[in-house]
Amino acid sequence: MQADMPTVHPDSQDLVASVFEAVKGISASFPRSLFLQRAREGGHARELWDALVVADLLAIGVPESLGGAGGGLTGTTAVMEALARAGIPPLQYSLTTFSREAILRHGTSQQIEDHVVATITGKRKICLGVTEPEAGTNSFAARTSARKTADGTYRISGQKVFISGADEADHILLLARTAPPGEKLSRRNGFGLFIVDMGLPGIELRKLDIEWYAPESQFEVFFDDVEVPAEALIGTEGLGFDHILSCLNQERVTVAAWALGLGDYALNKAVDYAKIRAPFGTPIGAHQAVQHPLALAKAEMEAARQVMYSAAATYDNGIDAGDQANMAKLLGSRAALSAVDSAIQTHGGSAFVYETDVVTIWPMVRILQIAPLNNESILNYISERVLGLPRS
């Protein structure tokens with residue numbers, strides 16, 4: 001089955017079409033087979049990153065006034081979806097693009113030059129440091145602290161966990177508490193947002209043993225009295241949590257694109273297989289028990305895709321896209337999981353053979369039900385913020 005071009009606003013059709021065309025060239029030189037090989041070897045997909053640079057896809061999302069290609073969130077969403085549809089979704093791309101959004105919004109001109117413009121040429125890779133072992137999704141329970149010293153520098157101590165791509169990233173966008181111990185934290189009080197050089201003394205990485213068939217790995221990151229300069233602080237001290245929220249809507253949408261692209265990849269494999277697999281003489285795709293789950297997955301993914309691109313357009317127009325962005329992540333991840341599950345069922349036992357490359361899709365899509373924000377938390381958001389129900 002040929003992947004359809006996503007339906008987007010007419011103003012964005014040319015941009016999305018050019019992105020999908022560029023990704024065809026990238027996937028030809030760095031196919032899914034090489035992506036899986038790198039994952040199995042525990043290696044990195046550096047050739048994929050370099051190809052993104054050559055195709056100028058890292059410039060999408062950076063304003064033209066800064067030397068970027070423009071395109072906003074719609075453009076970065078298209079890049080992530082196209083790469084995922086090809087079975088080669090680079091998590092580092094997603095991390096870097098939404099991390100730089102907070103710097104674009106709250107950073108100084110020098111910080112934007114150093115940490116946003118530098119991403120265009122691939123020289124800057126950013127990972128995100130929010131989650132902690134004890135806090136989980138409750139960032140207000142964070143213990144990692146940034147203590148300001150007399151000379152204006154900060155001393156950071158603590159631990160972050162499930163930090164993807166920490167070994168590849170040269171910087172981490174780090175959320176740390178600046179309030180003294182015992183002081184209550186809130187969205188607009190007690191946090192600092194820092195862009196921290198991963199090469200500084202006192203930073204230690206510990207790789208987590210997670211199998212999800214991707215070249216990127218996850219880490220625990222330890223900060224032992226790490227001294228960072230004053231200019232590492234993004235925006236206003238105390239407002240770090242508020243600042244990082246400014247990039248989370250972008251995160252939600254790009255994660256939806258990631259999930260839906262993989263869902264399409266799985267669905268395409270299932271449809272192709274159902275057309276030729278005929279143990280009783282008739283292709284199994286002729287049977288409604290096989291057809292209907294695949295058809296439903298297609299419909300649900302298309303609906304989620306409409307919400308996703310609508311959220312991106314709303315965001316690009318400077319309107320609060322929180323409701324749509326959260327719905328896009330929820331619907332996209334759930335629809336993609338149904339597509340992958342249907343693909344597994346369609347393939348039967350052969351789905352679990354590594355070379356078939358079907359069950360290899362499942363862990364990543366399953367993880368996206370949990371991370372970067374679990375779907376239960378999104379349902380809480382919709383219940384309270386959209387429906388006006390009492391806070392859970």
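Predicted model: local features only at pLDDT ≥ 70, side-chain atom pairs only at ≥ 80, totals over all residues.

Author: Residues are numbered from 1 along each chain as its sequence is written, and side-chain values use heavy atoms, with hydrogens and water left out.

Reader: How many salt bridges does the structure hold?

Author: Side chains of opposite charge can pair when their charged atoms come close. A salt bridge here is a side-chain nitrogen of Lys or Arg within 4 Å of a carboxyl oxygen of Asp or Glu. The number of salt bridges in the structure is 21.

Reader: In which helix do arginine 85 and glutamate 81 both lie?

Author: Helices are DSSP runs (H or I, at least four residues), as are strands (E, at least two), numbered from the N terminus. The two side chains meet in a salt bridge, N to O at 2.9 Å. They sit 4 residues apart, about one turn of the helix, and both lie in helix 4 (residues 72-85).

Reader: Is arginine 305 buried or exposed?

Author: Arginine 305 meets glutamate 81 in a salt bridge of 2.5 Å, N to O. The pair links distant parts of the chain, 224 residues apart, with arginine 305 in helix 8 (residues 288-316) and glutamate 81 in helix 4. Buried means under 20% relative accessible area, exposed over 50%, partly exposed in between (1.4 Å probe, protein chains only). Arginine 305 has 1% relative accessibility, so it counts as buried.

Reader: Which residues are linked with Glu81 in a network of salt bridges?

Author: Glutamate 81 is buried, at a relative accessible area of 0%. Arginine 85 is buried too, at 11% relative accessibility. The residues linked with Glu81 in the network are Arg85, Asp264, Glu302 and Arg305.

Reader: Where is lysine 160, which forms a salt bridge with glutamate 132?

Author: The closest N and O atoms of glutamate 132 and lysine 160 are 2.8 Å apart. The pair links distant parts of the chain, 28 residues apart. Glutamate 132 is in the loop between strand 1 (126-129) and strand 2 (145-148), and lysine 160 is in strand 3 (residues 154-164).

Reader: Why does leucine 387 count as exposed?

Author: Leucine 387 is in the segment after helix 11 (375-386). Leucine 387 counts as exposed because its relative accessibility is 58%.
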